[in-house]
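Trainee: Hello! I have a structure to look at, and I would like to learn how to read it step by step. Shall we go through it together?

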Amino acid sequence: MSELKTRLMADIKTAMKEKDQMKKGVINLLRAGLQNEELELKRELTEEEEIKIVQRELKQTKQSLEEAKKADREDIVESEKAKIVIVESYLPKQMDVEEVKELISSLGIAKDTPMGQAIGTVMKEVAGRAEGKTVSQAVKEYLQA
């Protein structure tokens, strides 16, 4: 069993003991996402694939948060914010724009490199440690500097 699945199992037991319905629900959502992907692929997931699934859930939760804000539903906004914190706890520490720019310069990407190619190279390097939006912004700033 992978490290993430082991951690999810331990955390769901804790959440059940503490009667933390929010955390239990989020963990069940993540476990279901992982399980469905494994059933579809008919094999164990790699660590990168697991991270992508957790990131997908995070992105969906953030979209729900935006929709709740537009609808002016404070009750939903608060619960979505709480879910985001829980989901983020299962991801590696996320890099900010400055950290990504440092990585870009260490990779030796030339200033005249096409943006799409540069983003592709950086995305392979950060694999789950930065969102695409952050990478895109960092590459754009780096190439324009």
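Trainee: Leaving out residues up to four places away in sequence, which residues does Leu4 touch?

Mentor: Good place to start! Contact means heavy atoms within 4.5 Å. Leu4 touches Leu34, Glu50, Val54 and Tyr90. Before we go on, a word on where this comes from: this is a predicted model, in which local features need pLDDT of at least 70 and side-chain atom pairs count only at pLDDT 80 or more, while totals for chains, interfaces and linings use all residues. Residues are numbered from 1 along each chain as its sequence is written, and side-chain values use heavy atoms, with hydrogens and water left out.

Trainee: How many helices and strands are in the chain?

Mentor: Helices (H or I, at least four residues) and strands (E, at least two) are DSSP runs, numbered from the N terminus. Here the chain has 7 helices and 0 strands, so the order of elements, by that definition, reads α-α-α-α-α-α-α from the N terminus on. Along the principal axes, the C-alpha atoms fill a box of roughly 55 × 40 × 25 Å. Of the contacts with a separation of 6 or more, 58% are between residues 24 or more positions apart.

Trainee: What percentage of the residues of the chain count as buried?

Mentor: The idea is relative accessible area: buried means under 20%, exposed over 50%, and partly exposed in between (1.4 Å probe, protein chains only). In this chain of 145 residues, 34% count as buried.

Trainee: Which residues in the largest nonpolar core touch the most other members?

Mentor: A nonpolar core is a set of buried Ala, Val, Leu, Ile, Met, Phe, Trp, Tyr and Cys residues joined through side-chain atoms within 4.5 Å. The largest one holds 20 residues, and Leu4, Leu8, Leu30, Leu34, Val54 and Tyr90 touch the most other members. H1, helix H2 (21-41), H3 and helix H4 (74-88) each give at least two residues to this core. H3 contributes the most, with 6 residues. There is also a second, separate core of 15 residues, including Met95, Val100, Ile109 and Val126.

Trainee: Now pockets, please. What is the volume of the largest pocket?

Mentor: Picture a 1 Å grid over the protein atoms alone: a pocket is an open set of points where a 1.4 Å probe fits, with protein on both sides within 12 Å along at least five of seven lines, and lining residues have an atom within 4 Å of a point. Points are joined across faces, edges and corners, and a volume is the space filled by probe spheres set on them. The largest pocket has a volume of about 450 Å³. Of its 15 lining residues, Gln55, Lys59, Ala130, Glu131 and Gly132 are the closest to the centre. Helix H3 (47-70) and helix H7 (132-144) each supply at least two lining residues, and H3 has the largest share, 8 residues.

Trainee: How do the residues of that lining divide into nonpolar, polar and charged?

Mentor: Ala, Val, Leu, Ile, Met, Phe, Trp, Tyr, Cys and Pro count as nonpolar, Asp, Glu, Lys and Arg as charged, and the others, Gly among them, as polar. The lining of the largest pocket has 5 nonpolar, 3 polar and 7 charged residues.

Trainee: And which residues are closest to the centre of the second largest pocket?

Mentor: That pocket has a volume of about 250 Å³. Glu3, Leu4, Glu47, Ile51 and Tyr90 are the closest to its centre, out of 13 lining residues. Helix H1 (3-17) and H3 each give two or more residues to the lining, with the largest share, 4 residues, from H3.

Trainee: Is Thr61 buried or exposed?

Mentor: Thr61 lies in helix H3 and counts as buried because its relative accessibility is 8%. A polar atom of the Thr61 side chain lies 2.8 Å from the backbone oxygen of Glu57. Beyond its neighbours within four places in sequence, Thr61 is in contact with Glu80, Lys83 and Ile84.

Trainee: What is phi of Lys19 near?

Mentor: Most residues other than glycine have a negative phi. Phi of Lys19, however, is near 55 degrees, a positive value. Lys19 sits in the loop between H1 and H2, and counts as exposed at 67% relative accessibility. Asp72 also has a positive phi, near 60 degrees; its place is the loop between H3 and H4.

How values were computed
A polar contact is a pair of N or O atoms within 3.5 Å; within protein, one must be able to donate a hydrogen and the other to accept it, and residues adjacent in sequence count only if both atoms are side-chain atoms.
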